[in-house]
There are 2 protein chains.
Amino acid sequence: MDGGIGKMGRRRFLGAGGAALAAVGGGLALGSAAEPEKWDETYDVLVVGTGFAGLSAAVEARNAGATVLVIDKMPVYGGNSVVNGGDFAAPGNSFQKEAGIEDSPDLMLKDMLKAGLGLNHPELARTVAERANENLEWARDYIGAEFTRLNFHGGHSVKRSVQTVNQSGSELVNKLLGKAQELGAEVVLRTKMDDLVTDASGAVLGLKVRRGYKWPDEASGKAAFFRARRGVVLASGGFSRDTALRMVHDPRLTDEFGSTNHPGATGEALLAACRAGAMDVQMDWIQLGPWTSPDEPGFGYTPQVCERIVGYGLMVDPATGKRFFKETGNRKERADAIIALGHPAVILGDAAAVGSQVVPLGLQKAMETGAVRKFDSLQGLAQAYGIAVEPFLAEVARWNGFVEKKHDPDFDCMIFPDARPTATPPFYAMRLWPRVHHTMGGLVIDKEARVVGFGMKPVAGLYAAGEVAGGVHGAVRLGSVAMADCVIFGRIAGRNAARIA
Amino acid sequence: MDGGIGKMGRRRFLGAGGAALAAVGGGLALGSAAEPEKWDETYDVLVVGTGFAGLSAAVEARNAGATVLVIDKMPVYGGNSVVNGGDFAAPGNSFQKEAGIEDSPDLMLKDMLKAGLGLNHPELARTVAERANENLEWARDYIGAEFTRLNFHGGHSVKRSVQTVNQSGSELVNKLLGKAQELGAEVVLRTKMDDLVTDASGAVLGLKVRRGYKWPDEASGKAAFFRARRGVVLASGGFSRDTALRMVHDPRLTDEFGSTNHPGATGEALLAACRAGAMDVQMDWIQLGPWTSPDEPGFGYTPQVCERIVGYGLMVDPATGKRFFKETGNRKERADAIIALGHPAVILGDAAAVGSQVVPLGLQKAMETGAVRKFDSLQGLAQAYGIAVEPFLAEVARWNGFVEKKHDPDFDCMIFPDARPTATPPFYAMRLWPRVHHTMGGLVIDKEARVVGFGMKPVAGLYAAGEVAGGVHGAVRLGSVAMADCVIFGRIAGRNAARIA
């Protein structure tokens with residue numbers, strides 16, 4: 001039943017590549033797989049991945065009348081979506097209306113294209129901006145996810161990101177999973193996609209998988225063939241944890257850079273799609289998050305504190321005690337600026353800023369890891385981080401002057417209307433050092449979520465959504481746009497994959 | 001004999017892509033081709049492309065004892081190499097020694113990595129820097145190309161580029177072609193590669209081509225299968241003239257941007273390789289040349305005048321009469337700065353600068369097209385380009401002060417030791433507006449010029465060199481490094497393709 005593809009694949013390539021090209025993992029199957037004599041399972045729609053995109057696709061495909069199987073290689077659901085902060089950018093949302101904040105899809109699109117350096121595929125970015133709010137309402141009203149706060153993220157022109165009640169994407173993943181299963185979609189874990197199965201014309205028929213795969217043991221699991229009568233949706237995420245693949249596209253991103261991602265965020269499903277003829281795009285735009293702490297692992301709790309106080313507190317270079325970049329800049333701008341320092345930056349907020357902006361539970365957790373620290377005085381804070389006290393106090397005073405005027409002549413930081421001088425103890429501070437967070441590149445899709453191949457035409461039977469797809473964000477994904485992107489294109493992919501050809 | 005591949009390919013894809021995804025041309029064959037019942041031609045090594053890389057490969061493959069066929073789809077030899085300016089960057093070359101200029105491969109590598117924003121595959125960039133001078137000597141002593149001048153190109157730390165006697169790559173193309181044919185390589189024009197032929201394991205066996213192809217008629221030509229007993233070398237160039245493909249990777253590069261390239265610089269051979277499993281990289285780094293004139297078509301003669309006077313004369317924004325960017329910046333920096341103006345820039349040099357730096361024949365040709373104009377006074381020059389006279393004269397005076405001190409406090413332009421104030425009539429000036437010039441991205445290769453596939457391992461039997469390969473230059477190719485890149489990796493590819501497996 002294995003069809004000899006693995007063996008054939010291993011004969012396909014000779015010798016070893018350069019240092020950056022060591023195999024991604026053991027046991028890669030190479031090339032697309034041919035149709036087996038017998039399929040082990042048959043569904044109308046197969047979905048790869050149980051994050052926002054995959055589960056949204058499953059819900060829509062079931063609602064379109066398709067039988068649906070969702071697979072995930074990991075032993076847990078949700079991929080990166082469950083370690084995500086749960087912020088959903090949606091212009092014109094109800095929280096903005098309550099707060100009297102004017103916003104529009106055009107303004108969000110403008111922000112996305114500016115951050116994306118104009119590399120965004122315009123029709124994809126526009127789809128996200130225009131449909132974000134209706135999809136937020138779908139997530140809330142139809143799926144049942146609870147959203148309770150309005151947040152700002154760097155690079156956006158206004159506060160437009162609505163956050164889940166538990167400050168985590170898990171709120172939406174769990175509700176989506178429940179809905180998908182309630183609707184009759186089947187969801188199985190420890191099932192890894194090794195290859196697409198294509199017919200002689202290259203159309204996608206289904207998947208060659210391994211059932212009982214035990215991550216990260218590449219020798220584990222038993223091969224099986226799953227038929228997709230109507231379509232396959234790839235929603236397998238990005239490759240931030242795939243050092244070999246990310247170094248092909250950006251050789252600087254060695255193992256010395258950590259990642260915020262779940263350990264399964266590797267690129268083998270994306271590569272399998274390319275071997276089957278899917279075209280990749282903008283793979284060299286790999287985002288570092290500027291709000292992670294070297295004092296805790298992974299994504300950690302720091303981002304939920306740091307990102308809430310930008311526009312309220314100041315970020316300094318501990319070597320000089322002075323600010324060096326706009327706190328509300330986009331992720332790439334800030335990460336590049338911190339890396340250019342050569343050492344971690346320090347950001348701080350006072351009791352008023354932290355008290356009004358940061359969710360108490362998040363603060364508590366970040367303090368338990370030691371990544372966020374509390375100080376009775378600015379002097380004490382400076383000493384703790386080895387910052388020369390006098391220049392630092394002068395800089396805080398200068399910043400406070402800007403806050404009074406709501407204008408930063410040094411770096412054009414966006415200072416929020418309710419921001420107050422950093423003056424009320426206790427003060428909270430944390431160190432910042434970037435980690436690999438998001439891979440903007442991926443498979444080329446059109447606005448119907450059809451994967452486009454190296455023949456410059458859609459590949460029959462293949463759809464993609466979420467981080468595995470490229471072009472939506474161009475050079476830089478803005479914070480909180482991933483959730484919108486995943487839900488919007490996940491739903492489009494699910495509906496289209498369920499169509500009878 | 002056609003094997004039905006074309007028909008099969010056309011069935012492979014459904015529907016139409018987005019606006020940016022219109023077909024590259026008519027009649028694309030899709031997927032790799034299967035082995036035919038009978039091969040029409042059989043050689044040890046097949047080379048696609050008759051530019052610097054392809055012909056260098058042919059010479060080396062013949063010298064390694066292989067029978068060699070070189071094909072080119074166009075009715076003329078040389079691709080972009082014959083419209084290139086004939087500059088070959090080579091640290092430590094004899095012209096530098098004569099001029100007392102210190103240089104080293106390490107310094108050139110540093111310049112390449114800086115311009116490349118660190119995206120260069122380090123082992124590829126190092127190969128170019130370390131082997132450039134020995135390959136320049138090979139081109140001169142073994143191939144017989146004549147080099148007569150030492151030039152500067154923006155982004156290099158020193159003058160290190162040695163130019164052909166006729167200021168054109170045609171000098172080297174013609175000598176390479178002569179040598180290849182003298183050694184017994186066969187070279188045929190109007191023969192287009194449509195697909196790689198692979199065996200069941202994905203190893204490359206040869207090419208499916210069309211003989212008698214009449215560019216740009218995609219319906220022309222007759223299918224044939226060419227066997228490569230040892231290896232195929234792709235040296236088919238970049239895709240600067242392929243608007244659909246470049247818009248997939250950078251949607252801003254619509255047809256409104258012209259190109260310096262020959263009309264056949266389209267991406268179908270690159271895409272065919274990807275359909276056969278080759279991996280692409282950094283395709284979204286597409287370079288605009290900052291030295292082309294809107295007053296003449298294509299590459300034109302302006303670059304040979306403009307690029308010789310940077311570091312001697314000043315470049316101004318005609319709207320203000322003032323300088324706006326460093327004249328000796330790299331191509332991307334300068335092109336971005338001019339595009340940001342929203343209108344063409346003007347660069348000028350006086351009789352002394354132009355007389356000492358510009359080849360008289362090149363100047364004459366550029367003046368015949370009207371792209372370069374001559375003025376008796378700075379006032380007359382300003383009036384001709386609609387520049388306000390007073391601010392412009394003040395800016396020239398300011399610039400001349402920098403030239404006296406050999407230091408530009410405004411933009412850190414590199415002012416050459418023999419530069420003199422811009423003061424001696426007649427004055428020469430030209431408008432500058434960028435055109436698409438080079439595609440840094442392409443197929444992933446290792447330092448043995450083996451093409452690496454989406455299985456993260458080399459594809460058996462497939463080699464690539466020159467602009468069709470990616471990773472050497474990262475984000476920005478410096479001027480005059482292409483010629484070194486093409487000769488170096490062309491030779492490596494030719495030698496390795498000729499090896500008996």
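Reader: What makes the crossing of α2(A) and α15(A) left-handed or right-handed, and which is it?

Author: The crossing of α2(A) and α15(A) is right-handed. The word left-handed applies if the near helix is turned anticlockwise from the far one by less than a right angle, and right-handed if clockwise. This is a predicted model, where local features need pLDDT of at least 70, side-chain atom pairs count only at pLDDT 80 or more, and totals for chains, interfaces and linings use all residues. Residues are numbered from 1 along each chain as its sequence is written, while chains are lettered from A and ligands numbered from 1 in the order in which they are written.

Reader: At what angle do helix α2 and helix α15 of chain A pack, and how far apart are their axes?

Author: The angle is about 35°, and the axes are 7 Å apart. Axes are lines fitted to C-alpha atoms, for helices over the stretch in contact, and angles run from 0 to 180 degrees between N-to-C directions. Helix α2 spans residues 52-63, and helix α15 spans residues 481-498. Both are DSSP runs: helices are H or I, at least four residues, strands are E, at least two, and numbering starts from the N terminus.

Reader: Which residues of α2(A) and α15(A) meet?

Author: On α2(A), they include Phe52(A), Gly54(A) and Val59(A). On α15(A), they include Met483(A), Phe489(A) and Ala498(A). Contact here is a cut-off: the C-beta atoms of two residues, placed from the backbone, lie within 7 Å.

Reader: How many residues of each class does the contact of α2(A) with α15(A) have?

Author: It has 13 nonpolar, four polar and three charged residues. Ala, Val, Leu, Ile, Met, Phe, Trp, Tyr, Cys and Pro count as nonpolar, Asp, Glu, Lys and Arg as charged, and the others, Gly among them, as polar.

Reader: Why is Thr191(A) called buried?

Author: Thr191(A) has 23 C-beta neighbours inside 10 Å, so it counts as buried. The label needs 20 or more other C-beta atoms within 10 Å; 12 or fewer is exposed, and in between is partly exposed, with C-beta atoms placed from the backbone. Thr191(A) sits in strand β7 (residues 191-198) of chain A. Leaving out residues up to four places away in sequence, Thr191(A) touches Ile71(A), Asp72(A), Lys73(A), Val209(A), Arg211(A) and Tyr213(A).

Reader: Is Lys406(A) buried or exposed, and how do you know?

Author: Lys406(A) has 11 other C-beta atoms within 10 Å, so it is exposed. Lys406(A) lies in the loop between α14 and β16 of chain A. Its phi is near 55°, a positive value in a residue other than glycine.

Reader: And Gln167(B): buried or exposed?

Author: Gln167(B) has 23 C-beta neighbours inside 10 Å, so it is buried. Its phi is positive too, at about 50°, although Gln167(B) is not a glycine. The loop between β5 (161-164) and α6 (170-182) of chain B holds Gln167(B).

Reader: Why is helix α8 of chain B described as largely enclosed?

Author: Eight of its eight residues are buried, so the rest of the structure largely encloses it. Helix α8 covers residues 268-275. Its cover includes β1 (41-48), β7 (191-198), β9 (222-234), β10, β18 and β19 (450-452) of chain B. After α8(B) comes Gly277(B), with a positive phi near 110°.

Reader: What makes β10 and β21 of chain B edge strands?

Author: The open sheet has the order β10-β18-β21 in chain B, with mixed pairing. β10 (280-281) and β21 (469-470) each have a single partner strand, so one side of each lacks a neighbour in the sheet. Two strands pair if DSSP finds at least two bridges between them. β18 (residues 442-444) and β21(B) are joined by two bridges and run parallel. There, Leu443(B) stands opposite Ala469(B).

Reader: In what sense do β11 and β17 of chain A pair?

Author: They pair in the antiparallel sense, over four bridges. Ile286(A) stands opposite Thr439(A) in β17(A). Strand β17 (residues 435-439) is mostly covered, with five of its five residues buried.

Reader: Which residues are joined by a cis peptide bond in chain A?

Author: Pro425(A) and Pro426(A), with omega about 0°. Pro426(A) is in the loop between α14 (389-405) and β16 (427-432) of chain A. In chain B, a cis peptide bond joins Pro425(B) and Pro426(B), with omega about 0°.
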